[in-house]
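This report covers selected packing features of one protein chain. Please keep the sequence and the 3D view open while reading.

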Amino acid sequence: MSNQPYVLAFEQLGIQDVPSVGGKNASLGEMIQNLSHLGVRVPGGFATTAQAFRDFLAHSHLTQRINQTLQALDVSDVTALSQVGKQIRQWVVEAPLQPALEQAIRTAWQQMAAASVGELSVAVRSSATAEDLPDASFAGQQETYLNVVGIDAVLLKVREVFASLYNDRAISYRVHHGFEHADVALSAGVQRMVRSDLAASGVIFTIDTESGFPDVVFITSSYGLGEMVVQGAVNPDEFYVHKPLLAANKFAVVRRSLGSKARRMVYGKNGADTHIEDIAPAERNRFSISDADVLDLARAAVTIEQHYGRPMDIEWAKDGQDGLLYIVQARPETVKARASKDMLRQYHLKQHSDVLVSGRAIGQRIGSGQVKVILHAAEMSKVQAGDVLVTDMTDPDWEPVMKRAAAIVTNRGGRTCHAAIVARELGIPAVVGCGDATEKLNNSQAVTVSCAEGDEGFVYAGLLETEVRDIHLEAMPKAPVKIMMNVGNPERAFDFASLPNDGVGLARLEFIINRMIGIHPKAVLEYPALPIELKHTVEEMCAGYADPVSFYVDRLTEGVATIAAAFWPKPVIVRLSDFKSNEYANLVGGERYEPKEENPMLGFRGAARYLAPAFQDCFALECRAMKKVREDMGLVNVELMIPFVRTVEEGKGVIDLLAQHNLKRGENGLRVIMMCEIPSNVILAEEFLKHYDGFSIGSNDLTQLTLGLDRDSGLVAAAFDERNAAVKALLSQAIQACRKAGKYVGICGQGPSDHPDLAEWLVAQGIESISLNPDTVVETWLRLAKV
């Protein structure tokens, strides 16, 4: 036996104590000692030491018995693993604590109880001595017990925590990662409970969990105790906070997503333990925390990250009694932190089929195989190598078979749930929170699981062909022009930002309206004076926001802000909406407001629509959003672009209209670019450029209007070519006009992405920037660098 202390208060601990109390408990002490004065609140408590655990095993004559049993175990045999783990855990729980340890726990408990207002309730958590080191993540492998009341219950839970070192997943993990079982000890952390059962709790990552983008804080939140989020038993609310804006004291919440939050874990009826209850629809349709809470959590997370000097994975809880936010755990993020910064691997589906189910995408990869629906943990052994594991949700007991799967699909869970964390560690795709995957997918059905298309993951019918590309970023040569990107989907922005780029040359507002809003602007403006069915649809879609108009403006703001934050401080040119009437009609309520045109491509669109009296109130919503992005949030890298301007008078009219909405060209650095996509724009370029800061050439419309063909018609598609001599003559003219006027000139049409030779020609003509589809950036960059 050792003379080292068996119990230490958190206030006595620091990160140097990892060998004694494990990463989790050492980190709590580190934060209490060093970050409390910076506003990071950590509930107090105490930890048992690794020496206490080893002496406990020796006192009960378990050390050799456990080691011999584990040495004889083949962890690939899931059945044997389950039996052996259960037997060892029983030995540990039934063994009495050595008297010195029991007395030390009683003394520490009494000190906590004396300082407590009312009856003391604690969480008893596990902290392995090799846990949460930079090269390993033991998170979630051992047990946590919440709302433990009374010293006798605490003593029992300490033994149960000790026993959880021999959970099936913990045994398997140590074997696969080369840890000797005897080298890993367990520390039990006893921490004052935060009454989040009366409020909310969740998880924070100080990077984007999917792309590894470092400049955001990703926060999840749901009602009740945090185990529901960690386990993946609920689909939580999600928030992204931009660190540079946060540091500048701007409104930094760039994106929000309302989770279903169907259930919550609360205190048990008898005042101890916990139980799960359903949440009323009205509560589910609200965000579980305020924007002020989100920003406070982000500040605490950044403070913790800066202290540790690395990305962090943090658990938090809001106390429903005192209204304060607390940090209850913090550990290093271990997946994206280890990823190579010099090589980018991209997955791309070369074909598509019917979507069977969809949910949250985890892992930015694609996997395929035969479905294996597992409804109960007892059936886990049925999963074979290469199967697609489909289940309601996973917990750490599933880990030994999860590594066999080609992909994982769950009914429940968000992007910080257990299935998501393990899938990232294993490098396999997962689609979580599908809702009905176990009902829609059938055993032995061949499927492809795609997590390479944004935030939403899809399960497709059949085995689809996939392309995998490795992009080496360490030695990109200098390009002769600025290479920008066309980015419409905010969900891919953090991912695309890792590609070499000089900003965004085209961010389409209509993509954001279609994907993130889905309602015609007139319908939100006329609410509630809508037909009853449409009124109910609008209300359902706008859940979580103050009213439909706020929903429209805020979602538009969030979409643009996400792209602008991803590429900050590089320029992001946002093209205001360019829906045709038939496209607007496809939005919810759209058929009530849109004309039926014979040729919408040449009809009510672009600048003419903005200036039309019937649409000006709709255009005002776009202006409100752009003003919010630039002024309230401080994303002044956003520049505006006006599409389809037929006449000089129209062009000037839109500039005047923007000014009426306090978006004045030149004020606060605002540049307004005009799409050059109509022959009249080139013919009268000098006049148009008097009102704008430059041209962005839209080669798609310019080609169709120059050659007099409909680019949507398959009958004449073969004649569509941006390299036609007439089109190139206009392209050259536009470039020269801008250069003569000293104005910006770029191109954002499809042509340079499809035809590298056209890109080379544009460089020779003196184009300032070329905006490409993300999948062609690297190849075009390298080709132009050679030229």
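In which crossing, left-handed or right-handed, does H27 pass H29? The crossing is right-handed. Note that the model is predicted.

**Two helix pairs**

H27 covers residues 725-741 and H29 covers residues 756-765. On the H27 side, the contact uses Lys728, Leu731, Ser732, Ile735, Gln736 and Arg739. On the H29 side, Leu758, Trp761, Leu762 and Gln765 take part. By class, the contact of H27 with H29 holds five nonpolar, three polar and two charged residues.

A second pair is H3 (residues 63-71) with H4 (residues 78-94). The angle between H3 and H4 is about 175°. H3 is therefore roughly antiparallel to H4, as angles over 145 degrees count as such. H3 brings Arg65, Ile66, Thr69 and Leu70 to the contact. H4 answers with Val84, Ile88, Trp91 and Val92. This contact of H3 with H4 divides into six nonpolar residues, one polar and one charged.

The geometry of both pairs is set out here.

| Helix pair | Packing angle | Axis separation |
|---|---|---|
| H27 and H29 | about 35° | 10 Å |
| H3 and H4 | about 175° | 11 Å |

**The sheet**

How many strands form the open sheet, and in what order? There are five, ordered S1-S2-S5-S3-S4, with antiparallel pairing. S1 (7-9) and S4 (144-149) are the edge strands, and each of them pairs on one side only. From one strand to the next, the twist averages 25°.

S1 and S2 (residues 45-48) run antiparallel and are joined by three bridges. Within that pairing, Leu8 has Ala47 in S2 as its bridge partner. Helix H5 (residues 99-115) packs on the sheet. H5 touches S1, S2, S3 (121-128) and S5 (186-192). The direction of H5 makes about 170° with that of S2.

**Helix H13**

Which residues of H13 are buried? H13 spans residues 418-426, and its buried residues are His418, Ala419, Ala420, Val422, Ala423 and Arg424. Just after H13 comes Gly427, with a positive phi of about 75°.

Definitions and conventions:
Residues numbered from 1 in each chain as written. Predicted model: local features only at pLDDT ≥ 70, side-chain atom pairs only at ≥ 80, totals over all residues. Heavy atoms only, no water. Axes fitted to C-alpha atoms, helices over the stretch in contact; angles between N-to-C directions. Helix = DSSP H or I, 4+ residues; strand = E, 2+ residues; numbered from the N terminus. Left-handed = near helix turned anticlockwise from the far one by under 90°. Contact = heavy atoms within 4.5 Å. Nonpolar A, V, L, I, M, F, W, Y, C, P; charged D, E, K, R; others polar. Pairing = 2+ DSSP bridges. Buried < 20%, exposed > 50% of the residue type's maximum accessible area, 1.4 Å probe, protein only. Parallel < 35°, antiparallel > 145°, perpendicular 65-115°, else oblique.
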